[in-house]
Amino acid sequence: MERRKNKQKKFHIRKGDTVKVIAGNSKGKTGKVLEMLGDKDRAIVEGANVVTKHNKPSANSPQGGIDKVEAPIHLSNLMLVDPATGDATRVGRKLDENGKLQRYSKKTGEVIKNG
């Protein structure tokens, strides 16, 4: 079987979506997706999976120090929050009248707007 190069993966979550963490240390937290790391199937969520990072002194920060930063979370541990109800929901895809794929909430059936 031949793999196509430059084929973009389709994820149930996109940058700007509000998601809920369903597994891990940050279980139950909700936040906005700040960045998608598609090649690793991970996303960085605002306020979730916060880790401490130790920085050596450098020209930019002569003191060095300890920063708190969000670490990536695997997409299987995230669930989209339905904009209508505020509950976590699974995501489906269906064609609209123009023949374009649109995401919709499996719970309410409502189409999910991007961003």
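Tutor: Two strands pair if DSSP finds at least two bridges between them. Strands are DSSP runs of E, at least two residues long, and helices are runs of H or I, at least four residues long, both numbered from the N terminus.

Student: What makes β9 and β10 a pair?

Tutor: The model is predicted: local features need pLDDT of at least 70, side-chain atom pairs count only at pLDDT 80 or more, and totals for chains, interfaces and linings use all residues. Residues are numbered from 1 along each chain as its sequence is written, and side-chain values use heavy atoms, with hydrogens and water left out. DSSP gives β9 and β10 five bridges in the antiparallel sense, and at least two are required, so the strands pair. One of the bridges joins Arg93 to Arg103 in β10.

Student: How many residues lie between β9 and β10 in the hairpin?

Tutor: Five residues separate the two strands, and in the turn Gly99 has a positive phi of about 85 degrees. Asn98 also sits in the loop between β9 (91–95) and β10 (101–105).

Student: Why is Asn98 called exposed?

Tutor: Exposed means over 50% relative accessible area, buried under 20%, and partly exposed in between, with a 1.4 Å probe and protein chains only. Asn98 has 68%, so the residue counts as exposed. Its C-alpha atom is 39 Å from that of Ser26, 72 residues away along the chain.

Student: What makes Phe11, Ile13, Val19 and Val21, among others, a nonpolar core?

Tutor: The term requires buried Ala, Val, Leu, Ile, Met, Phe, Trp, Tyr or Cys residues joined through side-chain atoms within 4.5 Å. The largest such set has 11 residues, including those four together with Val33, Val45 and Leu75. β1 (18–21) and β3 (42–45) are the elements that give two or more residues to this core. In soluble globular proteins, nonpolar side chains tend to be buried together.

Student: Which residues does Leu75 touch?

Tutor: Contact means heavy atoms within 4.5 Å. Leaving out residues up to four places away in sequence, Leu75 touches Phe11, His12, Met36, Asp41, Arg42 and Ala43.

Student: How many helices and strands does the protein chain have?

Tutor: There are zero helices and 10 strands.
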